[in-house]
Amino acid sequence: MSEYKGKSKKDLVKTLVEKRDALQNFRFGISGGKAKNVKEGRTIRKEIARIQTELSAQMIAEKVEAPKAEVKKSSAPKKAKAAKK
């Protein structure tokens, strides 16, 4: 997964699209009997998962780094609910 850590979000999305196209072509090749290496699909799916994991990690890192706006709490007292017997 280290090969994807240094890439930008734009590069990761581009690579993800390419891998999904490769997986689709592989699936069509399997159904047509053209593909010889049947384990190739597994490796492509794993690479797609690695890319998606890195994209998620970058999204989480961006949310953590972004400054949050302070929310003002209202000073009005909360109404207590009357207990029914």
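Student: Taking a salt bridge as a side-chain nitrogen of Lys or Arg within 4 Å of a carboxyl oxygen of Asp or Glu, how many salt bridges does a search of the whole structure find?

Tutor: The search finds two salt bridges, and please keep in mind that this is a predicted model. In one of them the side chains of Glu-47 and Lys-19 meet, with an N to O distance of 2.4 Å. This pair links distant parts of the chain, since Glu-47 belongs to helix α3 and Lys-19 to helix α2, 28 residues apart.

Student: And which side chains meet at 3.0 Å, N to O?

Tutor: Those are the side chains of Glu-62 and Lys-9. Here too distant parts of the chain are linked, with Glu-62 in α3 (residues 40–65) and Lys-9 in α2 (residues 9–32), 53 residues apart.

Student: How does Glu-47 count, buried or partly exposed?

Tutor: Glu-47 counts as partly exposed, because its relative accessible area is 22% and buried would mean under 20%.

Student: Stepping back, what elements does the protein chain have, from the N terminus on?

Tutor: The elements run α-α-α, with three helices and zero strands in the protein chain. Among contacts with a separation of 6 or more, 65% come from residues 24 or more positions apart.

Student: Where is confidence lowest, and where is it highest?

Tutor: Confidence is lowest in helix α1 (residues 2–5), at a mean of 80, and highest in α2, at 91. Over the protein chain the pLDDT averages 81, and 73% of the residues score at least 70.

Student: Which residues of α2 are buried?

Tutor: They are Leu-12, Thr-15, Leu-16, Leu-23, Phe-26 and Gly-29. For the protein chain as a whole, 16% of the 85 residues count as buried, while the accessible surface comes to about 7,800 Å², of which 54% belongs to carbon and sulfur atoms.

Student: OK, and which residues make up the largest nonpolar core?

Tutor: That core has nine residues, namely Tyr-4, Leu-12, Leu-16, Leu-23, Phe-26, Ile-44, Ile-48, Ile-51 and Leu-55. Helices α2 and α3 each supply at least two residues of this core. In soluble globular proteins, nonpolar side chains tend to be buried together.

Student: Within that, what is Leu-55 in contact with, leaving aside its neighbours within four places in sequence?

Tutor: With those neighbours set aside, Leu-55 is in contact with Lys-9, Leu-12, Val-13 and Leu-16.

Student: One more: is Gln-58 buried or exposed?

Tutor: Gln-58, which lies in helix α3, is buried, because its relative accessible area is 15% and the cut-off for buried is under 20%. Apart from neighbours within four places in sequence, Gln-58 is in contact with Lys-5, Lys-7, Ser-8, Lys-9 and Leu-12.

How values were computed. Residues are numbered from 1 along each chain as its sequence is written. Side-chain values use heavy atoms; hydrogens and water are left out. Helices (H or I, at least four residues) and strands (E, at least two) are DSSP runs, numbered from the N terminus. Buried means under 20% relative accessible area, exposed over 50%, partly exposed in between (1.4 Å probe, protein chains only). Contact means heavy atoms within 4.5 Å. Accessible areas come from the Shrake-Rupley method with a 1.4 Å probe; for residues, only the protein chains shown count as cover. A nonpolar core is a set of buried Ala, Val, Leu, Ile, Met, Phe, Trp, Tyr and Cys residues joined through side-chain atoms within 4.5 Å. pLDDT is the predictor's confidence in each residue, from 0 to 100.
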